[in-house]
Amino acid sequence: MTAVIPLLYDEGRHDDIPFQLKAPFAPMGDQVQAIKELTEGIDNNKRDQVLLGVTGSGKTFTMANIIQNTKRPALIMAPNKTLAAQLYSEMKEFFPNNAVEYFVSYYDYYQPEAYIAKSDTYIEKTASINDTIDQMRHRATQSLLQRRDTIVVASVSCIYGIGGVNTYSEMIIQIKKNQDISIKDLSLRLIELQYKRNDMSFVRGTFRIKGDTLDIFPSHSSDRGLRLSFFGDTIEALFEIDVLTGNKIATLEGTTIFANSHYVTPMPTLRQATEKMHIDLEHRLKEFEEGKKVVEHERLKSRTLFDIEMMLSTGSCSGIENYSRYLTGKNPGEPPPTLFEYLPKDALLLIDESHVTVPQVRGMFNGDRARKQVLVDFGFRLPAALDNRPLNFDEWNDLRPQTLFVSATPGPFELSLTFNQYSEQIIRPTGLLDPVCEVKPCDHQVDDVIDECKKTIAKGYRILITTLTKKMAESLSDYFMELGMKAAYMHSDIDTLKRIDIIRSLRLGDYDVLIGINLLREGLDIPECGLVAILDADKEGFLRSKTALVQTIGRAARNADSKVILYADTMTESLKYALDETNRRRDKQMAYNMQHHITPTTVTRSIEQRPALQTKEDQKSSTIPIANIEKYKKDLLKAMKVAADNLEFEEAARLRDELKRIEGGG
């Protein structure tokens with residue numbers, strides 16, 4: 001089998017590889033009209049459009065159709081990693097033959113560098129980088145530079161600075177069969193791209209040499225490497241290999257190797273950057289001298305000179321992102337290079353749950369700025385560190401391409417851009433109606449909700465209850481358990497990965513009742529939910545705004561028998577809007593169902609199962625026969641890769657630790 005990996009494409013071409021949407025169904029209901037209107041708007045160069053799509057109406061499928069119709073690369077922004085992973089999975093199914101990529105923060109754990117002046121406490125940056133997500137980020141940027149048929153699903157972290165696109169796209173090695181280059185010269189070029197030679201452990205971002213053979217594990221790959229066979233100073237053959245077994249998978253005619261870091265910089269640029277760093281350092285040290293700040297003077301001098309020496313010696317240093325302005329040639333105060341610079345000029349931006357995502361973009365700059373300003377003031381960083389930051393809202397607004405805002409409750413910003421005009425997608429193909437909403441007084445609301453929960457549990461359904469405080473969620477959960485009901489609470493103090501397990505346990509029936517705060521709004525998809533109860537629904541504020549109420553009510557729109565109870569003594573403006581809007585959507589769906597003779601059907605969605613291996617406790621206590629150890633290790637490795645591919649990173653980490661334990665004989 002012979003294959004040619006495409007090199008950087010001509011951005012002027014619009015027909016390199018068309019998007020191929022694969023789906024077992026066609027657009028239905030008002031999806032047809034929404035797709036038509038939004039596609040025409042993009043073709044007519046409308047910069048901003050809004051899709052008001054209710055829960056379960058197939059918004060993701062509409063977005064997929066728009067991407068296929070316009071044949072443009074697309075960036076889909078989600079408010080968090082969980083929703084981004086869900087969108088990524090769905091888009092991969094819709095476009096199996098195209099480049100669907102995932103770009104989120106690669107930190108499993110991140111403690112930013114900080115200084116607390118009041119207690120004279122310096123907190124060093126500590127982080128745990130998820131290697132799989134780092135690999136997926138590299139694959140995303142490389143796909144944007146190499147392929148027209150690219151869809152990148154990203155979280156809001158895509159507005160943070162990364163290496164400049166010009167340097168990243170220039171610092172590449174293009175390899176072809178019969179190319180004249182020696183192993184030594186190619187090795188030196190790989191080192192410039194931040195690859196490391198490691199003949200013992202062949203991992204991502206390394207290369208190894210055995211005689212006339214050079215193996216490379218590219219930065220964007222998870223399990224495929226490159227093998228170059230030399231005859232003298234000529235590349236005689238080029239293969240794609242399995243990095244685990246070394247077996248040849250395909251014969252290549254040519255390929256492109258990208259850098260192992262988005263901050264890679266050619267040495268001439270690096271020298272020029274360090275010269276500017278010296279100038280800024282001298283200027284800043286003079287300011288500290290004039291202010292008689294001796295400690296800050298010595299701290300900044302020693303740290304910066306050490307970083308400069310490391311950059312000139314190795315091409316990088318710890319915290320190199322704080323010097324990104326020098327490396328990219330940006331002026332002070334200019335927007336940092338972000339993923340948006342990697343997008344082609346005609347790309348589309350689709351913002352999912354825009355009523356949450358847009359405010360997040362607006363709020364990220366100020367918090368980052370305040371923390372870094374303290375570091376600069378006390379001599380931990382040069383002022384250039386202030387430019388290692390997320391985009392501020394105005395910069396993001398200027399940089400973003402043609403945009404489609406998608407939400408069941410569009411926010412004021414996106415509606416103002418479209419003069420309150422939007423495409424509407426209220427009809428659900430399943431015929432499901434918005435839930436019946438019932439308003440009850442707040443007096444004895446806990447006793448009443450317990451009675452309603454018992455009725456719902458008897459029908460075999462689950463319950464979601466929203467409270468106003470964490471303490472109330474915890475106390476109510478304890479009270480439910482005392483009454484013999486299986487209940488759990490969920491709020492911001494619960495680890496993100498544990499939240500996923502709690503929701504999965506709820507769907508499996510390990511819990512009947514889940515109690516939370518505002519976490520029970522966007523993206524929580526539980527078809528088994530038969531009741532949503534909103535306590536203190538008349539307490540006007542963020543948690544009981546019209547947007548929050550409509551979104552929370554929408555959690556009950558996956559089950560044909562579900563209902564919503566709102567406990568309120570006063571009919572607030574937000575409450576009135578939420579009830580009126582829900583009834584409007586319900587009436588429209590009912591009319592459609594009658595016209596097309598549709599009977600509402602509860603959504604069915606499988607519950608993801610973990611790999612069929614022993615639990616961690618079972619593994620620790622079990623004894624594996626020596627003859628079966630190798631097979632068991634292979635099964636663990638296979639299951640670990642499957643979990644990582646499915647973005648179940650906590651499970652992949654558990655399997656990795658178990659594999660290390662077996663190999664270490666522990």
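Two strands pair if DSSP finds at least two bridges between them, and that idea runs through much of this briefing. What you have here is a predicted model, in which local features need a pLDDT of at least 70, side-chain atom pairs count only at pLDDT 80 or more, and totals for chains, interfaces and linings use all residues. Residues are numbered from 1 along each chain as its sequence is written, and side-chain values use heavy atoms, with hydrogens and water left out. Helices (H or I, at least four residues) and strands (E, at least two) are DSSP runs, numbered from the N terminus.

- The average pLDDT (the predictor's confidence in each residue, from 0 to 100) is 87 for the protein, and 89% of the residues score at least 70.
- Among the elements, strand S3 (residues 74-77) has the highest mean pLDDT, at 98, while strand S1 (residues 2-3) has the lowest, at 36.
- Residues 1-15 stay under 50 in pLDDT, and the model gives them 38 contacts (heavy atoms within 4.5 Å) beyond four places in sequence.
- Residues 609-627 are also below 50, with 28 contacts in the model beyond near neighbours in sequence.
- Where pLDDT is low, the predicted coordinates should not be read in detail.

**The seven-strand sheet**

- Seven strands make an open sheet with parallel pairing, in the order S4-S9-S3-S18-S19-S2-S20.
- Its edges are strand S4 (99-103) and strand S20 (423-425), each of which pairs on one side only.
- Neighbouring strands of this sheet are turned by 20° against each other on average, direction ignored; angles run from 0 to 180 degrees between N-to-C directions, and axes are lines fitted to C-alpha atoms, for helices over the stretch in contact.
- Strand S18 (residues 348-352) and strand S19 (residues 402-407) run parallel and are joined by five bridges.
- Leu350 has Leu404 in S19 as its bridge partner.
- Helix H4 (residues 131-146) lies across S4 and strand S9 (150-154), at about 135° to S4.

**The six-strand sheet**

- Another open sheet has six strands in the order S21-S26-S25-S22-S24-S23, with parallel pairing.
- Strand S21 (436-440) and strand S23 (487-490) sit at the edges, each pairing on one side only.
- On average, neighbouring strands here are turned by 20° against each other, direction ignored.
- Strand S25 (residues 529-534) runs parallel to strand S26 (residues 563-567), with four bridges between them.
- Leu531 stands opposite Lys563 in S26.
- Helix H16 (residues 546-554) packs on the sheet and touches S21, strand S22 (462-466), S25 and S26, with its direction at about 155° to that of S25.

**A helix pair**

- Two packed helices are described by the angle between their axes and the distance between the axes.
- Helix H7 (residues 267-290) packs against helix H8 (residues 294-314) at about 175°, and their axes are 10 Å apart.
- That angle makes H7 roughly antiparallel to H8 (angles over 145 degrees count as roughly antiparallel, under 35 as roughly parallel, 65 to 115 as roughly perpendicular and the rest as oblique).
- H7 contributes residues including Met267, Leu270, Met277 and Phe288 to the contact, and H8 residues including Leu300, Leu305, Ile308 and Met311.

- His138 is found in helix H4 and is buried, at a relative accessible area of 1% (buried means under 20%, exposed over 50%, partly exposed in between, with a 1.4 Å probe and protein chains only).
- The side chains of His138 and Tyr168 make a polar contact of 3.4 Å; such a contact is a pair of N or O atoms within 3.5 Å, where within protein one must be able to donate a hydrogen and the other to accept it, and residues adjacent in sequence count only if both atoms are side-chain atoms.
- Leaving out residues up to four places away in sequence, His138 also touches others, among them Arg204, His220, Asn260 and His262.
- Arg224 lies in strand S14 (residues 224-231) and counts as partly exposed, at 34% relative accessibility.
- A polar contact of 3.5 Å joins the side chains of Arg224 and Glu240.
- Arg224 and Arg204 are 20 residues apart along the chain, with 9.6 Å between their C-alpha atoms.
- Asn388 sits in the loop between helix H10 (354-377) and helix H11 (393-399), and counts as buried at 12% relative accessibility.
- Beyond four places in sequence, Asn388 touches Glu321, Asn322, Ser324, Asp368 and Lys372.
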